[in-house]
Amino acid sequence: MQWEAVIGLEIHTQLATKTKIFSGSSTTFGAEPNSQASIIDLAMPGTLPVLNKQALEMAIQFGLAVHSEIPAITTFDRKNYFYPDLPKGYQTTQMAAPIVGRGYLDIALENGGTKRIAIHHAHLEEDAGKSLHEDFQGMTGVDLNRAGTPLIEIVTEPEMSSAKEAVAFLKSIHSIITYLGISDGNMAEGSMRCDANVSVRPKGQEKLGNRCEIKNVNSFRFVEKAINYEIQRQIEILEDGGRIAQQTRLYDPDLDETRAMRSKEDANDYRYFPCPDLLPIAVDPAYVQQLKDALPELPEQKRQRFTEQLGLSEYDAGVLSSSRPLAEYFDKVAELSGDAKLAANWVSGELSAQLNRDAIEIDQAAITPEQLAGLLQRVKDDTVSSGAAKQVFAALWAKEGQTADEIIETKGLKQVTDTGAIEALVDEVLAKNTAQVEQYRAAEPDKRGKMVGFFVGQIMKASKGTANPKAVNELLAKKLNG
Amino acid sequence: MKLNVEELHKVAHLARLSIHPKDEESYSQALSNILNLVDEMQSIDTAGVKPMAHPMDASQRLRKDEVTETDQREHLQKIAPATEKGLYLVPRVVE
Amino acid sequence: MLDLSLTQMAQGLAERKFSSVELTQAFLQRIQIINPQLNAFITVTEQEALEAAKAADAQIAAGKATPLTGIPIAHKDLFCTEGIKTSCGSKMLDNFIAPYDASVVAKLKNAGAVSLGKTNLDEFAMGSSNESSFYGSVKNPWDTQAVAGGSSGGSAAAVAARLVPAATGTDTGGSIRQPAAFCGITGLKPTYGRVSRWGMVAYASSMDQAGPMARSAEDCALLLEQMAGFDERDSTSLDHPVPDYLSQLGTSLQGMTLGMPKEYFADDLSPQTAERIQAAIKELEKLGASVKEISLPLTRMAIPAYYVISPAEASSNLSRFDGVRYGYRCENPVDLEDLYKRSRSEAFGEEVKRRILIGTYALSEGFYDAYYNKAQQIRRLIAEDFQTAFQSVDLIVAPTTPNPAFDLGSNSIDPVQMYLGDIYTLGVNLAGLPAISVPVGQINQRPVGMQLIGNHFSEAKLLNAAHQFQQATDHHLQKPQLT
């Protein structure tokens, strides 16, 4: 039988606010256990929540970026359950009227097409603390620093049909939230977490199969592997005539398999009800419009502009729009240098290679966009040859000078276009290599092309790469063929 | 409405309370009496009435995203039943 | 000295007739003698009180006195007090030293008031008789066979017995007004959002409200002025200016229309109570008010609506008591479930457990619509009925309770019997309205309270009406005989 997988995602993203969603505690990652757990975060009797404006604003920005409706009124609900990392015994979340309504995102498929994935809604909620299972006399330790960190939970419709599509969606979300600057999207530190609902059904069947929820997978690669494993597991069970038990499963990256979770097996009844400590939030449409107008250019729009207006290839546009800092770097270089294609070549070529070598991110680059643009201008106006330009780049990276011009000057890398000077060099090289000149002249005309390269190389070397290649070629041809 | 013993235990579990078998009957009776009282509501037609979660017609105020809390761990853990290395201790949690 | 009003005390302090230390000592001594009979206090903070009194005397000497400087008060033990046990009347918090001050506590402290300690209450404010306290019931100072009422029974009894001139209370379904009525004192439940809930341990968040309990409307006015006001830490606190309540107490009742809801004077009301209330209404008419009959048709429905909404919120609010970060923890829990279940079952009393169970049930799958949602719909209808009434009347006048204080132990078998006694106070909480209870006489030595209900933020009007009544009558000056 032909099987078809149906995948829906629930993505939790921590928002990059300075403080928690309902308290003024810092959200800095990696602090001493419970040093960022205030009386509110600890649910001390009598404490009350007040909503962080920034968290609300970030959620709205996200909603606008995924083409969602932002409702005029949004409310918070309580989701009641007991767990040591949940100090109040309920999670303050949104169910009845979430801040982000229905929206969508287009993902790029491998065949070059796109697919629209509907977002059911996204809501604001508070993160839980962390349970540490190291052995404290057979006990579990609870750190509540994370408790109360603002999250948005993004819930998709079950519209993805492969692990690759799911990862593409996840990457798109990642790129949007980092573009917006509302989250660092760091999966390893848990700022972005993904639960995947996976089911399979015979191809062509309308009705969905029983689904399993895979919890908290913490990298793009593992999301793909976990979903693929789960699809295969379910197909095998069904082909053996079995039935899929609806359950929550954990992915174990070491064994590359999913297994049923032992806890949270209770038939949960979360008893949602409107949180009486928080009033309905009136979202002013004018304020939403203001946020909309202030939205940065998003990855999809950037990619389009790069191809349509700047004439970049789809590939370059894709690479350069994948992260906001990279795209902004490129945009600046393109603007300052006045040559977008040249800028694209250098940013995705020499610069990216250097970043990889140093294993650093674009925002740590040792060369500013201004410096790079300055260099590219010298390439454009033939002040330096492309070979010499690479030397200038390396020198700028090594902080040997402030500007390309300065380095060109001090290193004497200026391209020599003075034909008198070049002619002298040509004469010198030809005089030193009389044997090769003889051979050249004896050779058949169609073999001569290759042989010219030798002389060009020698001349360029003698000029430290500064001789204008065009002038060199012209003079050589004249002298050799003389 | 009568709340039977099975339902009583189900609700008690959700609330993480345990009911001793000797108290089952009295709880079940008391809760059933309360449910009978609240069932009087069903005589009122409330079709189309918007539920009122808050008595005042006001909207939520928002807080500036500024750190106002400092580390109070030592102070706050003085009243905790069991801690170690700054962590609250609970019986082992199995996932 | 013990019978002086707060204003008289402030005057006496200002004129150096007595010092705050002397005043404080006088009340502490009376607590020592009388409290064992009444059980009104859970904690008496003698040392802290004397230190605060000393500081107050210094402030008075320096000419820096504020209206409450040096005046003794007490707090219901539902308000967090930094460094002092805050038990909520529960075994769960018997070991709980609050790490911070409630807003109300901090405000009164800043106003110079000297706290003598923490008063007894029904466990987590759930009860109408003060019999659900882990620390035992409070006895009514007028008749120690009778309940003091609840849940702010300790505050009411302490004020009535002159153990303290004024105290804070909280009112979720009548918990200030009913014990005030039972103990023959004056108690005001303000508009929801008028007084900050920060640091006041939550029972039913959408109805909880703190208010003053004292011997007169004038004293309540003085206290409320210091308690009220916007608090940025409480999202439900309302940013509405606090008037000078005291200066508004001289307004004549001439031209004021009072509404008598016929449903509050129907069969539930005992004839003797009705008689006392009618007599008091006559007094109000003499003062110039006109009275007309109105209807609040869903009065009875406040009982089921309240006894769904409040336990539902409570079931969630009390989930934080899990034996992990503070409070009671059972011995040697074998696993997590055991930790939760034993800690909670061993430390919560019967009434609290019943309400948690009912609330959990009302919110659970399959019952939410029939119970919780239905109750919130009825709540809106009740609130709308009040608004309709306030289109034609300035204030509503009614009994606070159908009967005077009942005997200790008489309602312990069926909680529903006790719930029915809350019929006249619950609607106010559902609708977020302010209301005041004032004493209007006694039946067999047990006081009767009259309730005045106003529209949102009409505290000044309520206090004035109550004050005009108290200027013309002496019911509030009657005091129980205790030795």
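Over all chains, the structure holds 26 aromatic pairs. The model is a predicted one. One of these pairs, formed by Phe124(C) and Phe321(C), is tilted, with 5.0 Å centre to centre and 45 degrees between the planes. This pair links distant parts of the chain, 197 residues apart: Phe124(C) lies in the loop between strand E3 (114-119) and strand E4 (139-140) of chain C, and Phe321(C) in the loop between H9 and H10 of chain C. Both Phe124(C) and Phe321(C) are buried. A further pair is formed by Tyr368(C) and Tyr372(C), which is classed as tilted because the planes are at 35 degrees, with the ring centres 5.1 Å apart. Tyr368(C) is partly exposed, at 22% relative accessibility, whereas Tyr372(C) is buried, at 2%. One aromatic cluster consists of Phe96(C), Phe124(C), Phe321(C), Tyr326(C) and Phe348(C).

Between chain C and chain A, 38 residues of chain C are in contact with 31 residues of chain A. The buried area is about 2,900 Å², and carbon and sulfur atoms give 61% of this area. Of the area that chain C buries against chain A, 21% is supplied by Ser235(C), Arg320(C) and Arg325(C), more than by any other three residues.

The two chains are joined by 1 salt bridge, and Arg197(C) forms a salt bridge with Asp277(A), in which the closest N and O atoms are 3.0 Å apart. There are also 19 residue pairs in polar contact between chain C and chain A. Helices H9 (302-317), H10 (336-347) and H11 (350-363) of chain C each give two or more residues to the side that touches chain A; H9(C) gives the most, with 4 residues. By class, this side of chain C has 17 nonpolar, 10 polar and 11 charged residues.

Conventions: Residues numbered from 1 in each chain as written. Chains lettered and ligands numbered in written order. Predicted model: local features only at pLDDT ≥ 70, side-chain atom pairs only at ≥ 80, totals over all residues. Heavy atoms only, no water. Contact = heavy atoms within 4.5 Å. Buried area = accessible area lost by both parts, 1.4 Å probe. Salt bridge = Lys/Arg side-chain N within 4 Å of Asp/Glu carboxyl O. Polar contact = N/O pair within 3.5 Å; in protein donor to acceptor, adjacent residues only side chain to side chain. Nonpolar A, V, L, I, M, F, W, Y, C, P; charged D, E, K, R; others polar. Phe/Tyr/Trp six-rings, centres within 6.5 Å; stacked < 30°, edge-to-face > 60°. Buried < 20%, exposed > 50% of the residue type's maximum accessible area, 1.4 Å probe, protein only.
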